[in-house]
Amino acid sequence: MGVTHHGRTHRLDLADPTLREWECTVLHADPEQGIVLDRSAFYPGGGGQPPDHGVLLWQGVQTRIAGTRKGDDLWLIPVEGDPLPPVGSTVTGAVEDGRRTRLMRTHSGLHVLCGVVFRDFGALVTGGNMEPGEARMDFNLPEVPTDFKTRIEELVNAEVAADRSVAVRVLPRADALALPDIIRTQSNLIPADEQEVRIVDIVGLDVQADGGTHVASTAQIGKVQVVKVESKGRANRRVRIRLVE
């Protein structure tokens, strides 16, 4: 496991999140378990970001991919009834661009939100989830000012407009954990056996461990709307956002 491989699959999605089409070889294909490729740009899901959708193209045939199951290998889940490519065959993988791009924008938007709330309110994240174009993040934030919703939206969009670079690097575990405030969640979610940690840095705003896909700069996120701020218990506030198309 790690940031370059999962089981037998070389992960192209983290090396180049803009990649949408590639050639690969089928290592395993089973209607119950799924399909394993030697190279894959399908993001398998994790950290609140859902898995990619897309297709495999082979010998004039199309296999639709509806999701991914993680185990010892990355198993691509075909749409029920679609044909399976033969083991050993060369196929073209293609990620659904619209869905992936909106998820990248949404995920980066959540990091901007996280950075603003941590910087200005000192609050850690207690949960989160996203779909293409909309998301929510929960914060340990017992008290907020009456204009919190408006202020957060203005602050987030100011950081988006600042066109901050989004840089990604991989560090040895000890080096990563030595960075100040690298864990922005209330509990450390980095697996104990993970020896390399992927760092996503919105330069000048937010640095944290993260395994998802992101845009290259905050301007690519586009305008963000804070839809709602909800109380989720005595100490938690849920902030719901969506992209304004």
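Among contacts between residues at least 6 apart in sequence, 65% join residues at least 24 apart. The model is predicted. The protein has four helices and 16 strands. Its radius of gyration is 19 Å, close to the 18 Å from the globule rule for 245 residues, so the protein is as compact as a globular protein of that length.

**Overall dimensions and surface**
- The C-alpha trace spans about 60 × 40 × 35 Å along its principal axes.
- Of the 245 residues, 46% count as buried.
- The accessible surface comes to about 11300 Å², and carbon and sulfur atoms account for 49% of it.
- There are 28 positive and 34 negative side chains. The centres of these two sets lie 6 Å apart.

**Nonpolar cores**
- The largest nonpolar core holds 30 residues. Leu-113, Phe-139, Ile-152, Val-156 and Ile-241 touch the most other members.
- Helices H2 (97–121) and H3 (148–161) each supply at least two residues of this core. So do strands S10 (125–131), S11 (134–140), S13 (196–202), S15 (224–231) and S16 (236–243).
- H2 gives the largest share, eight residues.
- Val-156 touches Val-112, Leu-113, Val-116 and Val-224, leaving aside residues up to four places away in sequence.

**His-111**
- His-111 lies in helix H2.
- His-111 has a relative accessible area of 4%, under the 20% cut-off, so the residue counts as buried.
- Not counting residues up to four places away in sequence, His-111 touches Val-200, Ile-202, Asp-206, Gln-208, Asp-210 and His-214.

How values were computed. Residues are numbered from 1 along each chain as its sequence is written. This is a predicted model: local features need pLDDT of at least 70, side-chain atom pairs count only at pLDDT 80 or more; totals for chains, interfaces and linings use all residues. Side-chain values use heavy atoms; hydrogens and water are left out. A nonpolar core is a set of buried Ala, Val, Leu, Ile, Met, Phe, Trp, Tyr and Cys residues joined through side-chain atoms within 4.5 Å. Buried means under 20% relative accessible area, exposed over 50%, partly exposed in between (1.4 Å probe, protein chains only). Contact means heavy atoms within 4.5 Å. The radius of gyration is taken over C-alpha atoms; the globule rule is 2.2 Å times the number of residues to the power 0.38. Accessible areas come from the Shrake-Rupley method with a 1.4 Å probe; for residues, only the protein chains shown count as cover. Lys and Arg count as positive and Asp and Glu as negative; His and the chain ends are not counted. The place of a charge is taken as NZ of Lys, CZ of Arg, CG of Asp or CD of Glu.
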